[in-house]
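Hi,

Here is the structure I promised to pass on. Have a look at it first, and my notes follow below.

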Amino acid sequence: MTLPSQDTLVTYPTGTTRDDAVVLHVQEREDGTAVVLLDSTPAHPVDAGWPDQGPDHGSLLAGERELDLVDCIVGATDGNELFLGSEIPVSKGTEGWSFVVCHVVQGTAPSEGSTVSVVIDEAHRNALSAGHTACHAASLALNQATAGLWKKEVRADALGSPDFDGLAISSSTITAHGSVDVYRMGKSLRRKGFVTQDLAVEDVQSAVNSTLAEWVASGADVTIERDGELLTDRRYWTCTLPDGTARIPCGGTHAGSLAEFTAITVALELDDDGGTPVLRMVTSAAQ
């Protein structure tokens, strides 16, 4: 069979962890693994463009055989060649290109045209989903806590606060039941109007944790709104917080409600990187 001409249909945004799918393409690799493309999948892949949430764990069931899912990566194809991860030469939405979920398996791959079952490790998925939801809540609470440190008007976040998270973030890593976010507060941020020298880390940490405690107590609902069901269709994390409804573009997986948590807390640490202040926020989500 030829390489697919449309994006993979994905079911993980709805929380699905098991589904049947048709094998569209198999590509053997020199390391003994194989890349398997399916018409649809519940497996969340890691995206090289913003690899904050890692891949789902799980397996493909092909008849009597169970193939471990050793990786799951976003790939792209022009119909002639398949590119994985950082090898992708074009941006999403480029005409003539399809973006696909690449299931990397160990062992003899299933045959093209066959039907397999994709089974996702639910405990791993749930841990990352909790971490991702906590990450979004913490970023919004951080924006509120730092709102008074701006002397110029900048873009607002989903709740109307100055978007420190979006303007300063250097990296974000979703972990099991948490996240690690790193913010660089260099000249660019100061030119935008952020008064770095007035940042009192302990006060900000206390304010963030106070807000998060209120939000967790509210048991706010979380939903994933979708423009479509294909891999590159826009999706949005939506949460009905006491301070308003937040809607953030996000391609990850999430908890269904803040009622699933007993606590979400952050620890802030201020470092220096060659003269640039760097704020590190470690978020922990207890369930």
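A definition to start with: I call a residue buried under 20% relative accessible area, exposed over 50% and partly exposed in between, using a 1.4 Å probe and protein chains only. By that cut-off Tyr183 is buried, at 0% relative accessibility. Phe164 is buried too, with a relative accessible area of 0%.

Some housekeeping. This is a predicted model, so to speak of a local feature I needed pLDDT of at least 70, and side-chain atom pairs count only at pLDDT 80 or more, while totals for chains, interfaces and linings use all residues. Residues are numbered from 1 along each chain as its sequence is written, and side-chain values use heavy atoms, with hydrogens and water left out. Helices (H or I, at least four residues) and strands (E, at least two) are DSSP runs numbered from the N terminus.

On to the aromatics. Rings of Phe, Tyr and Trp (the six-membered ring for Trp) pair if their centres lie within 6.5 Å; planes under 30 degrees apart are stacked, over 60 edge-to-face, and the rest tilted. That rule gives 4 aromatic pairs. For Phe164 and Tyr183 the ring centres are 5.1 Å apart and the planes at 40°, so this pair is tilted. Phe164 sits in helix H2 (residues 164-168) and Tyr183 in strand E11, so the pair ties together parts that are 19 residues apart in sequence. Phe164 also pairs with Phe194, again tilted, at 5.0 Å centre to centre and 40° between the planes. Phe194 belongs to the loop between helix H3 (187-191) and helix H4 (201-218), which puts these two partners 30 residues apart. Both Phe164 and Phe194 are buried. Ring pairs join Trp150, Phe164, Tyr183 and Phe194 into a cluster.

Now the strands, where pairing needs at least two DSSP bridges between two strands. E11 (residues 178-184) and E16 (residues 276-286) run antiparallel over 7 bridges, and Val180 has Val282 as its bridge partner in E16. E16 also pairs with E15 (residues 263-273), antiparallel over 11 bridges, with Thr265 opposite Ser284. E15 and E16 make a hairpin with 2 residues between them, and Gly274 in the turn has a positive phi of about 60°.

Another positive phi turns up at His177, near 60° and in a residue other than glycine. Most residues other than glycine have a negative phi. His177 is in the loop between strand E10 (169-175) and E11, and is partly exposed at 33% relative accessibility.

There is also an open sheet of 3 strands, ordered E12-E13-E14 with antiparallel pairing. Its edge strands, E12 (222-226) and E14 (244-249), each pair on one side only. The twist averages 25° from one strand to the next; axes here are lines fitted to C-alpha atoms, for helices over the stretch in contact, and angles run from 0 to 180 degrees between N-to-C directions. E13 (residues 235-241) and E14 are joined by 6 bridges, and Leu241 is partnered by Gly244 in E14. H1 packs on this sheet, touching E12, E13 and E14, with its direction at about 65° to that of E13; touching means heavy atoms within 4.5 Å.

Lastly, H1 itself (residues 122-145). Of its 24 residues, 18 are buried, so H1 is largely enclosed by the rest of the structure. At 1.5 Å a residue it should span 34 Å, and its end C-alpha atoms are 34 Å apart, which agrees; the expected span is 1.5 Å times one less than the number of residues.

Cheers
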